[in-house]
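This report covers a protein and its ligand.

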Amino acid sequence: TRIAIHDTTPIDGQKPGTSGLRKKTRTFMEPHFLENFVQSIFDGIGGADGKTFVLGGDGRYFNDRAAQVILRMAAANGAAKVIVGQNGLLSTPAASHVIRKRGTDGGIILSASHNPGGPDEDFGVKFNTPNGGPAPEEVTSRIHAATKVIQRYKILEAGDVDLETIGESRLDGMLVEVIDPVEDYAALMRELFDFDAIRDLFKGGFTMAFDAMHAITGPYARRILEDELGAAPGTVRNGTPSPDFGGGHPDPNPVWAKELMDLMMGPDAPDFGAASDGDGDRNMIVGKGTYVTPSDSLAVLAAQAHLAPGYANGLAGVARSMPTSAAVDRVAEAKGIACFATPTGWKFFGNLLDAGMATLCGEESAGTGSNHVREKDGLWAVLLWLNILAATGKSVADLLSEHWKEYGRNYYSRHDYEALDAVAAGDLVDGLREQLSALEGVEVEGLTVSDADEFSYTDPVDGSVANAQGIRVHFEDGSRIVYRLSGTGTVGATLRVYLERYESDPAKQHLDPQEALAPVIAAADDLAGIRDRTGRDAPDVRT
Ligand code: VG1
Ligand code: CO
């Protein structure tokens, strides 16, 4: 074997977004594209020499080829060892766990997460730091800076590494350890949750449907839910990962997980339904006839987490992304614990978790997690729900309405307008920004603006500042609209409009959210001119 040093030139557009670098798969397959970015990761973190990394992905198209390239590049850059999930697979939370547990120098995760996969869809590469979390902005900006000056990359000239056989092998001077992707993760779940109680729940006839959406959580869910906890065979649906996720869109929300939603709203609904996304870090929770919004799920979990052994001593604090509803804030207030609001993206939770300031975190985009890893964790959320259901003996619907009765309900919905013309979308946000100072006191659709601003965040741990993280409009009755542009899309721009209204009266807590939010939805269009500026009559996705 020989180390080849290839000359290259910087490629535009290698700036990591909300969660790593995401592009069309074919872009990643263009000459030098992947290689430039991977070399820039190594250059951006001060080299790979003597380091140990974790490598794995969600199994989407090109995962296998990219893994081989990255192994050869790690070896050529002097890495001591790479720990790889069998066949190049690891869910994002499992990768985070292995990075931490094995005391490594970080990891590379191959995924575009909830984006579709396949030769004509999306691929992504993300670097996680030694704490197991997505690289913070300080690190991603060093990586991005490296992509702008890159002149060469190093790669070993060698054949493919056998990633099928568990165990160790050598790639030139570098050790490659192929591990079972599920084992360590399952062991961690056993520590956190009362598996006996969940086993008894299933033994007592409790039924469940878990939709893995043809993505990475299939093998995890089968092993843990069916093999270990005794859920009936067939509980896990679409459980065999496929490179294009069965042609579907592996985003667990009522639109893309329609099959599961129809089942849960129909006459043959099992007691509990759940789904996860491409890389296994998102979750959707549905009871019989009851969809639980991710914001409500976070609040219920925060209120009830002490019922699981891993959280029996209570929570140090909670954190949510700013666009997530304030439902969890009310729980934190009642419990007398801290509550933080961060910009969108899991990387902003890392410092709070590391510093022990927050135990539970969540995002309205179906991400929930805790200090057990440094990523959001789909199956973890499902197991925490199961643990709570087992401990209380209540149904999802009862838990939710009791929660609302106690804390009030934050009606919530997100409207996404996808693949917009990027200029039009940018203009829309700019237009809002210009109006901000004039909005106070303005009346729209019977609502009066109390204040409006653009969110910026100062990290309480390291003082780093993130600006321009979303436009917020608050109304006097407590309602809120947030507008922001997605940082994970790969075509044009996606506008996300987050809508929220608080209702304390138990008699009015069971409306259809779209109806309950109707004035807020109308106000969102009035203020931003969404229809006019985008030419769209309706959002592509309503969560
Ligand atoms: C979206 C979500 C955000 C989430 C991110 C990554 O980002 O809004 O909450 O952390 O995806 O999730 P954006 O910038 O498109 O709004 V995943 O499961 O795709 O890693
Ligand atoms: Co994901």
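Predicted model: local features only at pLDDT ≥ 70, side-chain atom pairs only at ≥ 80, totals over all residues.

Contact means that the C-beta atoms of two residues, placed from the backbone, lie within 7 Å. Helices are DSSP runs of H or I with at least four residues, strands are E runs of at least two, and both are numbered from the N terminus.

Nonpolar covers Ala, Val, Leu, Ile, Met, Phe, Trp, Tyr, Cys and Pro; charged covers Asp, Glu, Lys and Arg; the others, Gly among them, count as polar. The centres of domain 2 and domain 3, taken over C-alpha atoms, are separated by 25 Å.

The protein has domain 1 (2–179), domain 2 (185–407) and domain 3 (409–542). These bounds come from an automatic or database domain assignment.

## G408

G408 sits in the loop between α14 and β19 (409–420). Leaving out residues up to four places away in sequence, G408 touches R330, Y502, E503 and S504.

## The ligand shell

Ligand 1 has 18 residues around it, and T18, S113, S486, G487 and T488 come nearest. A residue counts as near if its C-beta atom, placed from the backbone, lies within 6 Å of the molecule. The shell holds 1 nonpolar, 12 polar and 5 charged residues.

## Overall fold

The protein has 18 helices and 27 strands. Its radius of gyration is 23 Å, close to the 24 Å of the globule rule for 543 residues, so the protein is as compact as a globular protein of that length. The radius is taken over C-alpha atoms; the rule is 2.2 Å times the number of residues to the power 0.38. Of the 543 residues, 55% count as buried.

## Confidence and numbering

The average pLDDT is 96, and 100% of the residues score at least 70. pLDDT is the predictor's confidence in each residue, from 0 to 100. The model scores ipTM 0.98 and pTM 0.95.

Local features need pLDDT of at least 70 and side-chain atom pairs count only at pLDDT 80 or more, while totals for chains, interfaces and linings use all residues. Residues are numbered from 1 along each chain as its sequence is written, with chains lettered from A and ligands numbered from 1 in the order in which they are written.

Technical notes. Buried ≥ 20, exposed ≤ 12 C-beta atoms within 10 Å, placed from the backbone.
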